[in-house]
Amino acid sequence: MLAAVLLLALPFCNAELASSIAGSTVVDSYPPAGATNTAIDTYFPDASQVGYAGPTPTGAEPAAIITAIPFSKIENAFPLSEPKSANGKDSSFNVMRHWGNLGPMYSVESFGLPDASPTIPEGCGINAVHLLMRHGARYPTSGSGSAQFATDLNAAASNKSFSATGELEFLATWTYKLGAEILTPFGRDSLFSNGVAFRYRYGNLLNAFTDLPVFRTTSEDRMVDSALNFAAGFFGLRTYETDYHQEIIIESDGFNNTLAPYETCTNANSEDVGNFGGIQGDIWADIYLKSARKRLQPLIRGFNLTTSRLIAMQETCAYETVALGYSEFCDLFTEEEWEGYEYYVDLNFWYSEGPGNPTAAAQGLGYVQELVSRLTHTPINVWNSTTNSTLDSSNITFPLNQPIYVDATHDTVISSIVTTLNLTSLAANGPLPTDHIPPHRSYIVSQIAPFSSQLVTQVLSCPASQEPTHIRFLLNDGVVPLTGIHGCKEDPNGLCELPSFISGMQERIGEINFAYDCFANYTMPDPDTIIDGRYPTRPL
């Protein structure tokens with residue numbers, strides 16, 4: 001018995017005693033107080049005042065989406081340090097690609113069309129492009145699991161019984177260095193780079209404008225910064241503020257906004273309907289984190305590693321990496337546990353903002369109505385969703401003749417919109433089970449709505465002409481089949497004839513009852529077999 005007690009005590013012989021700062025929050029502020037001195041501004045005139053700019057002739061606009069073969073892909077996350085798993089120090093396993101919505105965007109190889117390229121098909125011309133993009137990498141949202149983990153750890157560290165050893169020894173002096181909600185430097189960089197890339201791919205469409213473009217975003221700080229960084233990359237830092245109009249739509253409770261539809265969809269915010277994905281995810285988390293808890297709990301005393309805290313540690317790995325460039329939390333978990341975390345996120349999205357939630361199609365309805373309005377150059381005249389009648393009825397704030405449209409939104413909204421579009425290839429193997437990861441699954445959030453995610457609608461003419469004839473969708477550079485849309489046929493390049501797509505979307509719009517799905521008093525079906533984002537039985 002004595003030997004057993006001594007054996008249990010061995011891991012803590014060299015344990016790190018907790019510092020009073022363990023889990024405390026560290027905040028830096030720049031510029032330093034009092035550093036802004038306008039009195040010396042005259043010493044630093046801007047370029048327009050200095051002059052002597054040298055020659056400044058411009059060249060032709062690029063059109064890489066037509067000419068660039070092979071297509072240039074996003075495959076890394078420079079300058080972030082690439083994390084490794086606990087059992088994969090020398091492995092090619094990419095931990096970042098298993099962070100779900102918290103990972104950086106990367107180019108998806110295929111959504112079931114392995115021979116399709118993002119470069120437009122030979123013989124076709126590009127007539128217009130619609131970009132729906134997610135904001136860049138950010139700090140955790142207010143009240144996140146990471147912040148709560150730090151608070152709990154700080155409280156535990158004040159107790160003399162607390163100590164940590166081995167792989168968890170760093171927790172004794174670890175501090176919480178994350179802010180909340182706003183973009184990180186990497187988030188700003190990725191949106192700027194995406195703007196540059198978009199100019200390379202679709203810059204030639206600027207030649208078709210007769211007035212300045214109108215791009216849209218919401219009023220949240222990270223949304224505005226994402227839109228501005230994208231515009232600076234697309235138009236150029238020196239001129240972007242005068243090269244286009246930035247529309248900022250209020251994102252707050254009660255305001256109609258197709259880029260933040262949950263603000264006017266009551267059921268999307270309820271515990272039993274809106275958070276159903278969290279409930280399903282927790283069931284899986286208790287399974288996939290069982291080994292991690294057994295392995296890590298003996299390394300820390302005075303602090304219980306519950307399932308929710310282990311999830312928070314995995315989330316902190318992602319958040320610290322995109323905010324600070326590196327995190328010691330990452331290599332605490334094995335490859336299997338990172339795969340488990342990715343599926344945990346998939347379950348959350350599938351059952352809360354995706355095909356398995358009855359409010360998902362309703363939340364994406366407004367944007368799809370706007371898309372059809374833009375494609376047909378026809379003003380919206382029915383206000384039965386999250387469309388904003390004040391803004392969308394004006395040809396100033398909602399123009400219908402642009403060759404390029406750019407809208408910034410959130411991860412959950414992109415998930416809802418692809419559900420409304422009925423991109424059924426993403427939901428092919430649903431509903432998702434909560435006791436195992438299904439093989440060859442089609443719904444993977446890291447491919448659908450990562451940081452800086454991009455849903456691109458290409459409006460094409462095949463053969464190339466002034467009048468568009470076809471349409472197709474790219475989700476993070478992967479071409480998505482449109483066979484779930486009535487009238488769209490199988491096509492190796494993901495093409496659908498434009499009239500058929502518009503007709504199919506109008507039919508889909510007519511199937512969705514926004515008022516019922518967002519406001520009716522119903523309970524989630526048991527089991528939840530929904531795969532199209534609509535409540536299974538309701539009046540039309």
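**Aromatic pairs**

I searched the whole structure and found 29 aromatic pairs, where rings of Phe, Tyr and Trp (its six-membered ring) pair if their centres lie within 6.5 Å. I am working with a predicted model, where local features need pLDDT of at least 70, side-chain atom pairs count only at pLDDT 80 or more, and totals for chains, interfaces and linings use all residues. For my own bookkeeping, residues are numbered from 1 along each chain as its sequence is written, and side-chain values use heavy atoms, with hydrogens and water left out.

I looked at Phe215 and Tyr244 and noted ring centres 5.3 Å apart with planes at 45°, so this pair is tilted; planes under 30 degrees apart count as stacked, over 60 as edge-to-face and the rest as tilted. Phe215 sits in strand S4 (residues 214–218) and Tyr244 in the loop between helix H7 (240–243) and strand S5 (245–249), so the pair ties together parts that are 29 residues apart in sequence. Helices (H or I, at least four residues) and strands (E, at least two) are DSSP runs, numbered from the N terminus. Are Phe215 and Tyr244 buried or exposed? Both are buried, meaning under 20% relative accessible area, with exposed over 50% and partly exposed in between (1.4 Å probe, protein chains only).

I then turned to Phe333 and Trp338, whose ring centres are 5.7 Å apart with planes at 70°, so I logged the pair as edge-to-face. Phe333 and Trp338 are both buried too.

I also noted one aromatic cluster, formed by Phe198, Tyr202, Phe215, Phe230, Phe234, Phe235 and Tyr244.

**Helices H5 and H6**

I checked how H5 (residues 185–202) packs with H6 (residues 221–235): the angle is about 40° and the axes are 7 Å apart. Axes are lines fitted to C-alpha atoms, for helices over the stretch in contact, and angles run from 0 to 180 degrees between N-to-C directions.

Which residues meet here? From H5 I listed Arg188, Leu191, Phe192, Asn194, Gly195, Val196, Phe198 and Arg199, and from H6 Ser226, Asn229, Phe230, Ala232, Gly233, Phe234 and Phe235. Contact means heavy atoms within 4.5 Å.

**Asn154**

My last entry is Asn154, in helix H4 (residues 145–157). Asn154 has 28% relative accessibility, so I put it down as partly exposed. Leaving aside neighbours within four places in sequence, I found Asn154 in contact with Ser20, Ile21, Ala22, Gly23 and Ser24. Asn154 and Gly23 are 131 residues apart in sequence and 4.3 Å apart in space, C-alpha to C-alpha.
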